[in-house]
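Please look it over before reading the notes below.

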Amino acid sequence: MAVPEAAEAAAPKKFVDPDFEPEIIVFACHYCAYAAADLAGSMRLQYPTNIRMIKLPCTGKLEVIHLLRAIEAGADGVYAAGCMEGECHYLKGNLWARKRVDHVKDLLAELGIEPERVEMFNMSSAMGAKFAEVATEFTELIKQLGPNPVKREGVSPHAAAREALGGVAMPDQAESSVAVTVEEGHAE
Amino acid sequence: MITAERKPLDEILELVGDKKKILVAGCDTCVAICLTGGEKEAEILASELRIKAEQEGRAVEVEHTAAIRQCEWEYLDMIAEKIEQADVVLSMACGIGIQSLAEKFAPKLVMPAVNTNMLGMPQEHAVWLERCGACGECVIGETAGICPVVRCSKSLMNGPCGGSHDGKCEVTTPEKEDIDCAWALIWERLKAQGREELMFVNRPPKNWSKSSSGGPRKMVREEAKPV
């Protein structure tokens, strides 16, 4: 009898609530993932509306506390989307981000929360399809995991994450067009 | 600098017990430099404690703060108000800072959130190596600037021992791989300095009474005491 029991323990059946709509915070790099999201939109690609984006100048600006604050405020999932490895505009920002995400995974494990709720993805600005694919797959994974055990009514993970970031978070696309133009001018 | 490592969360939770108002107090000097107990890390621990309490349905208030230096009375004044309001203070400073805080605000409950482990130097970013044992009687003038007290696994004054192989120490554990033999390093550097003869000096047993074996130490600089 021990064998079937062990098999059952190894693959516990998750209760999946069909009505559960997770809230997912995405920390997106201005140079790649944010532009990839734009492209996904232009390409008319569908991706879940569960994701809430926060634009960063680079995922390297992301700190452990920013990810943790989003979880603390009840985000069901959080991921950072940075440039392809080796392609970071600031050389190594995305590599630092991956290390910090990994550290948060350890902290979550210590807290008894699934580490899979936090992830790091890499993509270029030309990868609109990849952006949509990542958003879809991650949302599906979080739906399987169920709600964040520390979810509270009336607390917005998106607002909490933005607040934790302070001045690091960049304004949304419409407001930032001037800033982008200036940076492009520098690049020339 | 003084280095420390954070205690496991379960141990911290046990120390905090059922207290409702928790203050995580970081220190922005040594433990901040070794990325263990500065304001950033205090904020992370406070967040973790809030998440844990929420998970378990416990109503607690967790705040964080940091003193510029927890081991000096003056800097503790700057965070006094928050400390007074807490049921328990989780200090992330080194053992010195934790005790200063506990003494100044006695009988306030002050608990250590870190294990202070050594006087070390950053060998590279995020890697620290022990360099000094604060033994009270420095010998590195004779040992080519390499401390046999903490860098030799056996603290030998007349090394190396038979466990030195190809410049490496025989002491190896999963956490302490590849320890250089301090006496092999001393020999190489003495040769480079042209002072090999120091290797053959027979050093008498070290006077450990000047270290912590002699009881708590006290230092007074009369010329600097306030008049």
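Predicted model: local features only at pLDDT ≥ 70, side-chain atom pairs only at ≥ 80, totals over all residues.

Which residues are buried in H8(B)? They are Ala182(B), Trp183(B), Ile186(B) and Trp187(B).

**Helix H8 of chain B**
- Seen down the axis of H8(B), the buried residues fall within an arc of 135°, so they line one face of the helix.
- Lys191(B) and Ala192(B), on the other side of H8(B), are exposed.
- Helix H7 (148-151) of chain B is included in what covers the buried residues of H8(B).
- H8 covers residues 182-193, and its twelve residues should span 16 Å at 1.5 Å a residue; the end C-alpha atoms are 16 Å apart, which agrees.
- Gly194(B) follows H8(B) and has a positive phi, near 70°.

**Domains of chain B**
- Chain B is assigned domain 1 (2-118) and domain 2 (133-214).
- The centres of these two domains, taken over C-alpha atoms, are separated by 36 Å.

**Contact between the chains**
- Twelve residues from chain A and eleven residues from chain B take part in the contact.
- On the chain B side, helix H3 (residues 39-56) gives the largest share, ten residues.
- That side of chain B divides into six charged, three nonpolar and two polar residues.

**Chain A**
- Chain A has seven helices and four strands, and from the N terminus on they run α-β-α-β-α-β-α-β-α-α-α.
- Chain A has 188 residues, of which 43% count as buried.
- Of the contacts in chain A between residues at least 6 apart in sequence, 82% join residues at least 24 apart.

Key:
Residues numbered from 1 in each chain as written. Chains lettered and ligands numbered in written order. Helix = DSSP H or I, 4+ residues; strand = E, 2+ residues; numbered from the N terminus. Buried ≥ 20, exposed ≤ 12 C-beta atoms within 10 Å, placed from the backbone. Contact = placed C-beta atoms within 7 Å. Domains from an automatic or database assignment. Nonpolar A, V, L, I, M, F, W, Y, C, P; charged D, E, K, R; others polar. Expected span 1.5 Å × (residues − 1). Arc of directions from axis to C-beta.
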